[in-house]
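Please look through the structure below before reading on. The paragraphs that follow go from terms to strands, and then to side chains.

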Amino acid sequence: MVDDVGDQFGAETGLTQPENTYRRWWRPRTRLVDIFWLTLLVAILVTWYQDRQKLIKDLTGHTVNRSTRWSIDQLLGPPNTPRSGDCPTAWAPQGTNAGMEWVIVEFPKMVDVAKIEIIETYNPGAIVGVSSISSTGFATKIWSGTDPVTPVAGMGTAVITPSVATQTRRIKIVLNTTLVSGWNEIDAVSIIDSNGNVQWASRAWGSSSYGENKKAPSWFWP
């Protein structure tokens, strides 16, 4: 009877009823490969979002762990070692007179760097080089020479001016620990932009550490 009505409708109007059209719009054809790529895309987006949220938390809500003595985390935040000497509130390499050691410190924002300030609190004078580190871990030397703080000073701030225009949020400090006998300790590191804005290190990694250390990753967030 339905077919008769449809035939009668077509005969009266001159139109053919699109009997298959209404079946297609609500029953799309989905291939397995489409499901696979959609699932992969969702997984990538979820992973990116989780990593991004972790990064934001690290940059805005980072709390400095000061409980680990002479650890790499002692480089984070403003200085808190009030006097010269072998103080657990500063970073120290694993050993003394051990040749070349280095630390990489990262700051919250990338800026055009006008000055770098390295606060040395015990046996200063061992800094011999500073490099800018890219997100892929590539090092560009921006300063080399004699540490501005002399060993006889006991403690002091090494003020480094980059020899080339430098835009970065990550620097590597190289020390030749054989130059100055004993523990060569650093309390904090800051970068200062052309407007005088100061940033203190928010993350750090070292070639070694007397306390807890962190291995530098192969690549970093931009």
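A residue counts as buried when its relative accessible area is under 20%, as exposed when it is over 50%, and as partly exposed in between. Y210 has a relative accessible area of 47%, so Y210 is partly exposed. The model shown here is a predicted one.

Begin with the chain as a whole. Its secondary structure consists of three helices and eight strands. Read from the N terminus, the order of the elements is α-α-α-β-β-β-β-β-β-β-β. The chain has 222 residues, and 38% of them count as buried. Among contacts in the chain with a separation of 6 or more, 74% are between residues 24 or more positions apart.

Strand β1 covers residues 100-122 and runs antiparallel to β5, with nine bridges joining the two. Within this pairing, V103 has I173 in β5 as its bridge partner. β1 also pairs with β6 in the antiparallel sense, over eight bridges, and here I118 stands opposite V189. A further antiparallel pairing, over five bridges, is that of β1 with β4, residues 156-160. In β4, G156 is the residue opposite E120. Strand β8, residues 203-206, is joined to β1 by four bridges, and these two strands run antiparallel as well. A204 in β8 is the bridge partner of V105. In a regular strand, side chains alternate between the two faces of the sheet.

Now turn to charged side chains. Side chains of opposite charge can pair when their charged atoms come close. How many salt bridges does the count come to? The count comes to four. One of them joins K214 and D73, whose closest N and O atoms are 3.1 Å apart. This pair links distant parts of the chain, since K214 is in the segment after β8 and D73 in the loop between α3 (32-61) and β1, 141 residues apart. K214 has a relative accessibility of 32%, so it counts as partly exposed. D73 has a relative accessible area of 9% and is therefore buried.

Another salt bridge is formed by R169 and E106, with 3.4 Å between the closest N and O atoms. It too links distant parts of the chain: R169 is in strand β5 and E106 in strand β1, 63 residues apart. Both of these residues, R169 and E106, are buried. E106 also meets R170 in a salt bridge, at 2.8 Å from N to O. Here E106 in strand β1 is linked to R170 in strand β5, 64 residues away. At 1% relative accessibility E106 counts as buried, and R170 is buried with a relative accessible area of 2%. A network of salt bridges links E106, R169, R170 and R203.

Aromatic rings come next. A pair of aromatic rings is described by the distance of the centres and the angle of the planes. The count of aromatic pairs comes to four. In one of them, the ring centres of W70 and Y210 are 5.5 Å apart and the planes stand at 85 degrees, so this pair is edge-to-face. W70 lies in the loop between α3 and β1 and Y210 in the segment after β8, so the pair ties together parts that are 140 residues apart in sequence. At 13% relative accessibility, W70 counts as buried, whereas Y210 is partly exposed. W205 and F220 form an aromatic pair that is also edge-to-face, with 5.2 Å between the centres and 70 degrees between the planes. W205 belongs to strand β8 and F220 to the segment after β8, 15 residues apart. Both W205 and F220 are buried. W70, W183 and Y210 make up one aromatic cluster.

Where is N184 placed? N184 is in the loop between β5 (167-176) and β6 (185-193). Is N184 buried or exposed? At 3% relative accessibility, N184 counts as buried. The side chain of N184 reaches the backbone oxygen of N123 at 2.9 Å. Apart from neighbours within four places in sequence, the contacts of N184 include W91, P93, Y122, N123 and L175.

Conventions:
Residues numbered from 1 in each chain as written. Predicted model: local features only at pLDDT ≥ 70, side-chain atom pairs only at ≥ 80, totals over all residues. Heavy atoms only, no water. Buried < 20%, exposed > 50% of the residue type's maximum accessible area, 1.4 Å probe, protein only. Polar contact = N/O pair within 3.5 Å; in protein donor to acceptor, adjacent residues only side chain to side chain. Contact = heavy atoms within 4.5 Å. Pairing = 2+ DSSP bridges. Salt bridge = Lys/Arg side-chain N within 4 Å of Asp/Glu carboxyl O. Phe/Tyr/Trp six-rings, centres within 6.5 Å; stacked < 30°, edge-to-face > 60°.
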